[in-house]
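This report describes the fold and packing of a single chain, moving from the secondary structure to individual side chains. Please keep the model in view while reading.

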Amino acid sequence: MLQGQRVFFIAAAAVMLFLIPYLYRKIPSSKHFFYLRVIAVMYLSGALGNAVDRIVIGYVIDFFYFSLIDFPIFNMADI
């Protein structure tokens with residue numbers, strides 16, 4: 001759908017790499033918000049991993065393939 005839009009995706013990842021840590025610092029550090037903080041870290045790691053793949057090799061590597069069923073190939077960031 002957005003094939004060949006490498007610059008767009010790198011820019012979007014750059015925005016996320018600044019926005020997520022900013023929002024993370026705004027989340028209260030109480031036990032009640034623990035899972036929200038974990039989710040923020042997971043989003044950040046997915047954005048960072050995809051950004052590194054796009055910059056270094058030009059595309060994101062999809063690394064889960066289920067041969068037993070006809071299911072699309074995806075990576076952890078897609079989850």
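Helices here are DSSP runs of H or I with at least four residues, numbered from the N terminus. By that definition I20 has its place in helix 1. The model is a predicted one, and its chain holds two helices and zero strands.

**The chain as a whole**

Of the 79 residues in the chain, 15% count as buried. The accessible surface of the chain comes to about 6700 Å², and 70% of that surface belongs to carbon and sulfur atoms. When contacts between residues at least 6 apart in sequence are considered, 33% of them join residues at least 24 apart.

**The helix pair**

Two packed helices are described by the angle between their axes and the distance between the axes. In this model, helix 1 covers residues 6–26 and helix 2 covers residues 34–56, and their axes come within 9 Å while crossing at roughly 155 degrees. Because angles over 145 degrees count as roughly antiparallel, helix 1 is roughly antiparallel to helix 2. The crossing in which helix 1 passes helix 2 is left-handed.

The contact between the two helices can be followed residue by residue. Helix 1 contributes R6, F9, I10, A13, M16, L17, I20, P21 and Y24, which meet R37, A40, V41, Y43, L44, A47, L48, A51, R54 and I55 of helix 2. Sorted by class, the contact of helix 1 with helix 2 has 16 nonpolar residues, three charged residues and no polar ones.

**Individual residues**

Which residues does I20 touch, leaving aside those up to four places away in sequence? I20 touches A40, Y43 and L44. I20 counts as buried because its relative accessibility is 12%, and the cut-off for buried is under 20%.

R37, which lies in helix 2, touches Y24, I27, P28 and S29, and R37 is buried with a relative accessible area of 19%. R54, also found in helix 2, touches R6, F9, I10, Y59 and V60, and its relative accessible area of 19% likewise makes R54 buried.

Two C-alpha separations between residues that lie well apart along the chain are set out below.

| Residue pair | Separation in sequence | C-alpha to C-alpha distance |
|---|---|---|
| F18 and L44 | 26 residues | 9.3 Å |
| I20 and A47 | 27 residues | 9.6 Å |

Key:
Residues numbered from 1 in each chain as written. Predicted model: local features only at pLDDT ≥ 70, side-chain atom pairs only at ≥ 80, totals over all residues. Heavy atoms only, no water. Buried < 20%, exposed > 50% of the residue type's maximum accessible area, 1.4 Å probe, protein only. Contact = heavy atoms within 4.5 Å. Areas by Shrake-Rupley, 256 points an atom, 1.4 Å probe, with all protein chains shown as cover. Axes fitted to C-alpha atoms, helices over the stretch in contact; angles between N-to-C directions. Parallel < 35°, antiparallel > 145°, perpendicular 65-115°, else oblique. Left-handed = near helix turned anticlockwise from the far one by under 90°. Nonpolar A, V, L, I, M, F, W, Y, C, P; charged D, E, K, R; others polar.
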